[in-house]
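Please read it alongside the sequence and the coordinates.

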Amino acid sequence: MQAKLHGKTVEVWQVSRTNEQPQWVKEAFAKHYLTWVGKRLRIVMPALDTSTVANLKLGMIGTLGGGFCGYTMYVMADQGDYLDVTDHRVVSERQFLRKYQVDD
């Protein structure tokens, strides 16, 4: 779904085993960028944005040809959290409701 954060449109997904998954979430599961580990979701955050330039700006790619590195490579999310793929962050439901706007 799309939401607004500080006037900017962002793509978000509420982490859940049962709710509808947008196409980018399905693809991320298929490529193992999103993986359930018990009750939590492990996210390979830099892999969600395939733009090398964007990832280099964030310091997430070690070399242009190979792999990911960096402190924010793996992020864990709980069910009910929101994955903001545009800004590479996971926010709690409480933070989402307070900071993001969703058009109905």
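Buried means under 20% relative accessible area, exposed over 50%, and partly exposed in between (1.4 Å probe, protein chains only). Tyr-100 is buried, at a relative accessible area of 6%. The model is predicted: local features need pLDDT of at least 70, side-chain atom pairs count only at pLDDT 80 or more, and totals for chains, interfaces and linings use all residues. Residues are numbered from 1 along each chain as its sequence is written, and side-chain values use heavy atoms, without hydrogens and water.

**Asp-84**
- Asp-84 is buried without a salt bridge (Lys or Arg side-chain nitrogen within 4 Å of an Asp or Glu carboxyl oxygen); Arg-89, the nearest side chain of opposite charge, is 4.4 Å away.
- The side chains of Asp-84 and Tyr-100 are joined by a polar contact of 2.8 Å (N or O atoms within 3.5 Å, one able to donate a hydrogen and the other to accept it; residues adjacent in sequence count only if both atoms are side-chain atoms).

**Aromatic pairs**
- The structure holds four aromatic pairs (Phe, Tyr or Trp six-membered ring centres within 6.5 Å; planes under 30 degrees apart are stacked, over 60 edge-to-face, the rest tilted).
- Trp-13 and Phe-29 are edge-to-face, because their ring centres are 6.3 Å apart and their planes at 85 degrees.
- Phe-96 and Tyr-100 are stacked, at 4.8 Å centre to centre and 20 degrees between the planes.

Notes
Lys, Arg positive; Asp, Glu negative; His and termini not counted.
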